[in-house]
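Dear colleague,

I am passing on the structure below for you to look through. My notes on what was found in it follow.

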Amino acid sequence: MASPPAEAGLTDYERRREENIRRNETILASLRRKAAELSASVRPSPSLKRPKKEQPRARPAGPVVLRRSLRTRGIAPGEPSASTGANTSPATPPSPTKPRTTRFSSSLASALREATAIKPPPRLEGGICAADGFDAGRELVLRSVNVRRVVPERILSVRILPLADRTVVAAGNKLGHIGFWDVDGLVEDDGDGDGADGVFEYFPHRGPVGGIVMHPDAPRKIYSCSYQGEICLMDVEKENFNMIHLCDYPIFSLCQAPNSPSSLYFAEGNDLKLYDERTGKVSATWNLHNHRINSIDFRPENPYVFATSSTDRTVCIWDMRSMKKKGLEKLKVLEYSRAIQSAYFSPSGNMLATTSLDDTVQIFNTDNFDESCILKHDNRTGRWLSTFKAIWSWNDNNLFVGNMKRAIDVISVDHSGKSLSASYAAFLESEHMTAISCRFSLHPYKVGHLAGASSSGKVFLWTRA
């Protein structure tokens, strides 16, 4: 008896399903066969060679031209050098008619010569100005007329010149420009735009300006340094800028000892060097830190003792006399968890204030460093702002430091009792303060004149109400 067919016993649905499967398999087999035939027809012949790779084009002779934005080149959008065919090579920086390069304004030089001829009032014992009864929190105000854009871009250093009868602010920016702001408006415009609105701008450096100093005993010589290793002298008598020294590494800070106007102490990386302006040479070099030195400051009552702050997370106190005789010997080392941006002595020299990236401002008794106090302060300015550096007021009672709220924190320091204490005493704010002030400078002879510099190139001058 023959066996029943495979479909026997299947339902109608199952039979249709089996038929669909067989039909689909037949269609797929036909498609695979056609695909194989098509692939064989387009496959290249083994005898044909592959084309050679295209050789890279030879670079044209001459320097490589890099594209740079107008902002980094210091060119306004409407100037002719902003055209498409303009040369944008960084090897030759632009030479605009303003700012001037090295020639100093005759009108400003003449005004400074007249100002330096006036002898300043004698300073009180210990270096403290006559600031008795001065209340910074209540008396300092910012007026709209005392706001000026002195230079373009971010300001790294600012200094009110030590002139007895007038206020002139010098500011150096990240492009190597130095601007002078005649606050009193006594200097006449040169007629070529230089001096308009009381601002004179120059281009003596090739890199960011790290420091500006002017000794009270030699006010006709203004020194400045840059991250390109340059030290320039602005001579009021000769009415020009001259580069008097060039280093191999960046110079981050510049200082003069209270008793030596011709001696310049500058930080080239982590080395401290002494430059004698009379001989035009570096007379001494000391390797003081393991990383860059951010500030140098001499103790007012003892011109041989000075403090250095460094990115290596230490503040060191030194005695120049022992360094010359016995070699490097620290009087005191203060250690931190982050980099230190500044360490400045108070006007009397009895205290030392430091500003650190560990978000603190610390005050020490220089006679007993174990006696100190710590204030929390947000010092995280980021990459687009200059770092905060707390400076002393005209006496030992206050400190000024910028904050991230476009204001100034006034810190009150009390050393009258057995212990040292500090607290936030005032919060200086104004509608005219349109940018964060990071660096500050006091007028050494006018109590109540405080200049704050911002990353927008503006300077804000606070004065007494």
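**Arginine 143 and its surroundings**

Once its neighbours within four places in sequence are left aside, arginine 143 is in contact (heavy atoms within 4.5 Å) with His432, Thr463, Arg464 and Ala465. Please bear in mind that this is a predicted model, in which local features need pLDDT of at least 70 and side-chain atom pairs count only at pLDDT 80 or more, while totals for chains, interfaces and linings use all residues. Residues are numbered from 1 along each chain as its sequence is written, and side-chain values use heavy atoms, with hydrogens and water left out.

Arginine 143 belongs to strand S1 (residues 140-149), where strands (E, at least two residues) and helices (H or I, at least four) are DSSP runs numbered from the N terminus. With a relative accessible area of 35%, arginine 143 is partly exposed, a class that falls between buried (under 20%) and exposed (over 50%), computed with a 1.4 Å probe and protein chains only. A polar atom of the side chain of arginine 143 lies 3.3 Å from the backbone oxygen of arginine 464. The C-alpha atoms of arginine 143 and methionine 433 are separated by 9.4 Å, although the two residues are 290 residues apart along the chain.

**Strand S11 and its partners**

In strand S11 (residues 263-268), six of the six residues are buried, and this holds on both faces, with Ser263, Tyr265 and Ala267 on one side and Leu264, Phe266 and Glu268 on the other. S11 pairs with strand S10 (residues 251-256) in the antiparallel sense over five bridges, pairing being assigned if DSSP finds at least two bridges between two strands. Within this pair, leucine 254 has phenylalanine 266 as its bridge partner, and a hairpin of six residues joins S10 to S11. S11 also pairs with strand S12 (residues 271-276), again in the antiparallel sense, over six bridges, and there leucine 264 stands opposite tyrosine 275. The hairpin between S11 and S12 has two residues between the strands, and glycine 269 in the turn has a positive phi of about 65 degrees.

**Asparagine 395 and the whole chain**

Asparagine 395 is found in the loop between strands S22 (391-392) and S23 (398-402), and it counts as buried because its relative accessibility is 9%. Its side chain reaches the backbone nitrogen of asparagine 397 at 3.1 Å.

For the protein chain as a whole, there are five helices and 28 strands, and buried residues make up 50% of the 465 residues.

Best regards

Technical notes:
Polar contact = N/O pair within 3.5 Å; in protein donor to acceptor, adjacent residues only side chain to side chain.
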